[in-house]
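Work through the exercises below with the model open beside you. Try each task before you read its solution.

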Amino acid sequence: MNDSHPQHILHLSEEQQKKFLGSFDRVVSDIDGVIWNMYNTIPGAPEAFVALEKTGKELTFVTNNSVRTVEQAVRHFEKIGMSVRPEQITHPSQNTVDYLRQINFQGLIYIIASPPFKAVLREAGFQLIDGPNEIIDENFQSLAKKIFDQQPVNAVIIDVDFNMSSTKLLRAQLYLRNPECLFMEGATDRFLPIGKGVNIIGPGAFTNILLEASGRKPITVGKPGRELGKLLVEKYKIDQSDRVLMVGDMMAQDIVFGRQCGFQTLLVLSGGCTLEQLRSETDPSHIPDYYADSLADVAQILGQSRKSHF
Amino acid sequence: MSSLKQIKELSPEERQDFVESFDLVFCDCDGVVWYPLREFIPRSAEALTNLERHGKKVTFVTNNSIISVKDHIEKFSKQGQLLVHEDQIVHPAQTICDHLKSINFTGAIYCLATNSFRKVLTDAGFQLAEEFGSVIKTLKDLNEAIYGGDPAQAVVIDVDFNLSAAKMMRAHVQLQNPECLFLAGAADALIPFGKGEIIGPGAFIDVVTQAVGRQPITLGKPGKELRKVLLERYPDIPASRILFVGDSLTSDIEFARASGYQTLLVLTGGTKLEDVESLPSGHPQLPDYLADFLGDLADI
């Protein structure tokens with residue numbers, strides 16, 4: 001490991017590669033941008049995970065994407081040749097439920113999120129209000145009717161919502177004036193990579209509006225949230241954090257999260273981060289221990305090490 | 001607090017000095033002349049009449065493009081019996097329209113604003129880019145909303161009651177073209193509303209600004225390009241002989257002080273007395289004068 005300059009795993013000596021492969025028992029991996037992106041599977045990624053599993057590594061997938069349900073993810077894994085159980089996958093909506101249960105939350109939730117995210121909370125028995133989703137009249141009277149609704153909201157939860165609007169954020173901010181009202185966020189991404197080099201504004205940018213207007217910090221159950229780290233350590237009974245390898249494509253989410261948890265970190269350049277961005281990053285909390293073009297490189301060194309062994 | 005002068009506590013001599021210290025008044029409207037959504041604040045019409053009687057020019061500098069200039073004028077005449085001319089009203093739709101004219105802009109404008117704002121642009125002959133306003137159910141819908149339609153040559157953001165993430169994402173995509181102009185109107189981070197403040201248009205402009213990595217030309221308060229427009233509007237009047245009246249410490253007082261105007265804060269809008277009193281001396285948001293309401297100028 002080198003603290004100042006991350007090493008490309010293919011540039012490690014054979015000896016170092018072997019040491020690297022033996023240095024972790026569990027892989028905690030992101031999904032989007034690592035295994036697949038919006039349009040296709042990342043070549044070599046499924047093979048890398050199958051090979052990692054064969055060498056006895058435990059696999060856990062931590063995604064910030066609640067738009068896709070766990071069932072859909074499991075089916076998709078199957079389609080690309082990976083057998084993944086639902087309990088191996090954690091995402092913000094499930095983490096939100098876990099957190100709310102942990103604190104024994106009672107009451108009404110105002111939620112800005114996708115339909116699948118809301119479904120997970122409703123199924124867990126939580127009571128939600130949301131919206132408005134309709135076009136509103138262009139004056140402050142009609143705005144006031146939509147945002148000052150006087151409902152006894154005890155939590156504001158925000159994640160990805162394709163129909164995010166200024167009205168929803170204004171409404172959320174009013175609930176947050178009550179200091180007793182819980183403030184939680186799922187995905188934190190400032191940008192969502194939807195293809196190589198193509199980014200759209202992500203949910204973190206909108207949560208930030210609430211953060212600045214309310215002067216409050218949310219509880220973050222998506223990466224890189226501290227609460228997520230605690231949930232994960234508990235759920236998977238992780239006792240040796242340095243024997244975990246965090247794999248992801250986003251420095252601000254995956255690498256920061258991994259480092260905060262005390263995991264080793266591997267950045268793959270198959271998603272939302274380019275080599276130039278990695279090279280120009282100066283914040284040590286964002287810089288991984290290792291990097292690779294994609295997981296195909298992991299598959300390659302695993303193949304080599306097998307060959308050299310057998 | 002020592003340097004803050006209350007208008008109603010000025011001695012007759014100080015009043016005289018004050019009145020003689022300015023030739024022009026820039027005056028905010030919402031929270032100063034009238035309550036937002038409601039009627040004239042008592043005695044503000046008398047104050048404005050009194051200023052004119054003293055030979056002061058008054059220009060209204062508002063961030064409100066939701067009400068058209070025509071409706072502003074009508075409100076002045078109906079509720080205040082005041083005759084206000086079109087050129088006495090400065091608001092973002094107009095300043096943005098003037099700016100586009102001044103650079104001979106041609107092309108499509110992607111305009112995130114109210115219909116009243118958009119009408120100012122179309123009445124001036126500008127062409128607006130297509131809208132994709134429907135509810136987004138799938139990634140395909142989102143893709144269409146962000147990438148569909150023709151490219152725009154300018155993006156304009158002001159108050160938009162139906163501002164959506166998809167619109168901001170589309171603006172972000174358009175602005176990745178470095179040739180695409182980026183213009184902003186009202187840019188308040190928060191706006192006073194009811195008993196507190198609600199998130200203002202500035203917060204949404206910031207999202208796009210941060211995503212794109214370049215600053216808009218901001219022609220609403222507290223934009224620096226609007227400051228330039230105002231300074232050029234009356235080149236013969238020195239800034240020190242202009243009094244700016246407003247209710248917001250950021251959008252009015254700090255904005256005006258940056259131009260070297262004298263400033264008067266009224267407490268009928270978003271700012272409470274405690275807010276001003278808690279400011280340390282020398283703070284850029286400290287006004288020169290304080291009044292409970294604009295009506296305090298009726299007796300000077």
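Two strands pair if DSSP finds at least two bridges between them. Helices (H or I, at least four residues) and strands (E, at least two) are DSSP runs, numbered from the N terminus. The model is predicted: local features need pLDDT of at least 70, side-chain atom pairs count only at pLDDT 80 or more, and totals for chains, interfaces and linings use all residues. Residues are numbered from 1 along each chain as its sequence is written, and chains are lettered from A and ligands numbered from 1 in the order in which they are written.

**Exercise 1. Strand S13 of chain B**

Task: Find which strands pair with S13(B), and in which sense.

Solution. 

Step 1. Start with strand S12 (residues 242-246) of chain B, which pairs with S13(B) in the parallel sense over 4 bridges. Here B:Val245 stands opposite B:Leu264 in S13(B).

Step 2. Turn to strand S14 (residues 289-291) of chain B, which runs parallel to S13(B) and is joined to it by 3 bridges. In this pair, B:Val266 stands opposite B:Ala291 in S14(B).

Step 3. Follow the chain from S12(B) through helix H10 (residues 249-257) to S13(B): together they make a right-handed β-α-β unit. A crossover is right-handed if, with the strands pointing away from the viewer, the path from the first strand over the helix to the second runs clockwise.

Task: Are the residues of strand S13 (residues 262-266) of chain B mostly buried or exposed?

Solution. 

Step 1. Apply the cut-offs: a residue is buried if 20 or more other C-beta atoms lie within 10 Å of its own, exposed if 12 or fewer, and partly exposed in between, with C-beta atoms placed from the backbone.

Step 2. By this count, 5 of the 5 residues of S13(B) are buried.

Step 3. Sort them by direction. In a regular strand the side chains alternate between the two faces of the sheet. B:Gln262, B:Leu264 and B:Val266 point one way from S13(B), B:Thr263 and B:Leu265 point the other way, and all are buried.

**Exercise 2. The annotated site in chain B**

Task: Which residues of chain B does UniProt list for "binding site", and where do they lie?

Solution. 

Step 1. The unreviewed UniProt entry lists B:Asp28, B:Asp30 and B:Asp247. They span 220 residues in sequence, yet no two of their C-alpha atoms are more than 8.3 Å apart, so they gather at one spot. UniProt positions are given in the numbering used here, feature names are shortened, and annotations may be inferred rather than shown by experiment.

Step 2. Locate B:Asp30 in the loop between strand S2 (24-27) and helix H2 (44-53) of chain B. B:Asp30 has 24 other C-beta atoms within 10 Å and is therefore buried.

Step 3. Locate B:Asp247 in the loop between S12 and H10 of chain B. B:Asp247 is also buried, because 24 other C-beta atoms lie within 10 Å.

Step 4. List contacts, where two residues are in contact if their C-beta atoms, placed from the backbone, lie within 7 Å. Leaving aside neighbours within four places in sequence, the contacts of B:Asp247 include B:Asp28, B:Leu265 and B:Val266. On the same terms, B:Asp30 touches B:Pro36, B:Thr62, B:Asn64 and B:Gly269.

**Exercise 3. The annotated site in chain A**

Task: Which residues of chain A does UniProt give for this feature?

Solution. 

Step 1. The unreviewed entry places "binding site" at A:Asp30, A:Asp32 and A:Asp249. No two of their C-alpha atoms are more than 8.1 Å apart although they span 220 residues in sequence, so they gather at one spot.

Step 2. A:Asp30 is in the loop between strand S2 (26-29) and helix H2 (45-54) of chain A, and A:Asp249 is in the loop between strand S12 (244-248) and H10 of chain A.

Step 3. A:Asp30 counts as buried because it has 25 C-beta neighbours inside 10 Å. A:Asp249 counts as buried with 25 C-beta neighbours inside 10 Å.

Step 4. Leaving aside neighbours within four places in sequence, A:Asp30 is in contact with residues including A:Val62, A:Thr63 and A:Asp249.
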